[in-house]
Amino acid sequence: MSGPIRITPTAARHAQLEALGLARPPRRRARMKDVLAAIRAMHVLQIDTIHVVARSPYLVLWSRLGDYRPGWLDAHLAKGNLFEYWAHEASFLPIEDYPLLRHRMLDLNGKGWKYRHDWVEKNQDTIRHVLDVIREHGPVRSADFERLDEGSGAWWGWKPEKRALEVMLTAGHLMVRRRETFQRVYDLRERVLPDWDDSMLPDRETAERTLVLQAAQALGVATTRWLADYYRTKTAETARRVDALVREGKLVPVEVAGWKEPAYAHADCMELIERAATGRIRPRYTTLLSPFDPLIWDRQRTLTTFDFDYRLECYTPAPKRVYGYFTLPILHRGRLVGRLDPKAHRAEGRMEIRSLHLEDGVDPSEDLAAALATTIQAFADWHETPEVLVRRVVPARFARSLRSALANLARAAQ
């Protein structure tokens, strides 16, 4: 090899968008199988419960598939095509990746709050009770156990039975069989995966190397730190594995102009890198992104790749918020051009855009207004809140164009 492949930051950005399924709009109306295909392409679908609009995993899929039935995600979990475990964070994962994560269930050191050894030792009776109930009566929700304590506020006010369910999920003794109104329904691992035996487990080094390669496939082009972040593996260990995978030809060094750290691509993605480098990937999609979309969940990567400084402000006191409670980045033709703060008023059938901010330097053009209006209306229709109300817009002169474009869409729909 003569040296690393050299590409521009634009090419790297386009490669990431293409790899993560965000370079172009859906070619056709989504089908149930497309949900599973999208998750397999990302490898990891992060779970979050904030519900001012659709919860994050459903929104991440909407960003790629457009109008689809959210129940398809639930159905894939219930059918056993997916499982839940800690990956980047709590995540839906393709069931074929279960062997790669099983090592984490068997090694419970360093799990932090997810598995506190001292709590487990002190609460063996509660854990035995919970497991006995599941063995005797079948799958359960946390809500099936009556709260008997007064609630201390620790662990988000979880009752002991809920915490027992969660630590046994972390330890791999339980799995999520399905979700009901987004509540986990827990069952014994051997009933969810009756054919699994730990003798089928790959060695840990092989599993961890595979996770590095899958992260590289998902991201298109990535630094070592970004590869480590994808599945939350240790950076030093990931760096060692990256070096080995480069020597074996499974990862290819990529030099991105202006990036401070070396980058890498999966050897199977060389055609993708070549198309990006020669300008044959031309992003033409406008959509909204969940704060937990894999394109942007690493805020430093988002800053490096898109020059977009993003922070989720729902954890910031209201008086200190700049952009809003749950702002969604706006992706427009390969750039992150702004962010909007929506709220779905489901009972009234109204989608409220509480604020919308374009980034400095973004042209508030009629073309952008038309593309964004189409996206916002599609977002609202998918939520079954077809009436769109736009409040604060920055810059203010963009408000008129956006509202006019939305009004045109509403008239055309009548």
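**Notebook: cavity, pocket, packing and backbone**

I began with the largest cavity, whose lining I find, by class, to have seven nonpolar, one polar and one charged residues. The model I am reading is a predicted one, and I keep that in mind for every entry below.

The residues that line the largest cavity are Phe83, Glu84, Tyr85, Met105, Leu169, Gly172, Leu174, Met175 and Val176. When I looked up where they sit, I noted that strand E3 (82-86) and E5 each supply at least two residues of this lining. The volume of the largest cavity comes to about 40 Å³, and a search of the whole structure finds one cavity of 30 Å³ or more.

Next I turned to the largest pocket, for which I wrote down a volume of about 900 Å³. Its lining is made up of 27 residues, and those that lie nearest the centre of the pocket are Ile47, Asp48, Thr49, Ala90 and Trp158. Sorting the lining of the largest pocket by class, I get 13 nonpolar, five polar and nine charged residues. Helix H8 (160-170) and strand E6 (183-188) each give at least two residues to the lining of this pocket, and the largest share, three residues, comes from E6.

I then looked at how two helices meet. Two packed helices are described by the angle between their axes and the distance between the axes. For helix H1 (residues 9-19) and helix H14 (residues 299-306), I recorded a packing angle of about 125°, with the axes 9 Å apart. That angle makes H1 oblique to H14. In this contact, Arg13, Gln16 and Leu17 in H1 meet Arg301, Thr305 and Phe306 in H14. The residues of the contact of H1 with H14 divide into two nonpolar, two polar and two charged.

For the aromatic rings, I took pairs whose centres lie within 6.5 Å, and by this rule the count comes to 12 aromatic pairs. I followed up the pair of Tyr58 and Phe182, whose ring centres are 5.8 Å apart and whose planes stand at 55°, so the pair is tilted. Tyr58 is in helix H3 (residues 56-65), while Phe182 is in the loop between strand E5 (174-180) and E6, so I note a pair that links distant parts of the chain, 124 residues apart.

My last entries concern the backbone. Most residues other than glycine have a negative phi, and most peptide bonds are trans. Against that background I noted Arg232, which has a positive phi of about 55° although it is not a glycine. I find Arg232 in the loop between helix H11 (224-231) and helix H12 (235-247). I also noted that the peptide bond from Val394 to Pro395 is cis, with omega near 5°. As for the place of Pro395, I located it in the loop between strand E14 (387-394) and helix H16 (397-413).

How values were computed:
Residues numbered from 1 in each chain as written. Predicted model: local features only at pLDDT ≥ 70, side-chain atom pairs only at ≥ 80, totals over all residues. Heavy atoms only, no water. 1 Å grid on protein atoms, 1.4 Å probe; cavity = no way out; pocket = protein on both sides within 12 Å on 5 of 7 lines; lining within 4 Å. Points joined across faces, edges and corners; volume = space filled by probe spheres on them. Helix = DSSP H or I, 4+ residues; strand = E, 2+ residues; numbered from the N terminus. Nonpolar A, V, L, I, M, F, W, Y, C, P; charged D, E, K, R; others polar. Axes fitted to C-alpha atoms, helices over the stretch in contact; angles between N-to-C directions. Parallel < 35°, antiparallel > 145°, perpendicular 65-115°, else oblique. Contact = heavy atoms within 4.5 Å. Phe/Tyr/Trp six-rings, centres within 6.5 Å; stacked < 30°, edge-to-face > 60°.
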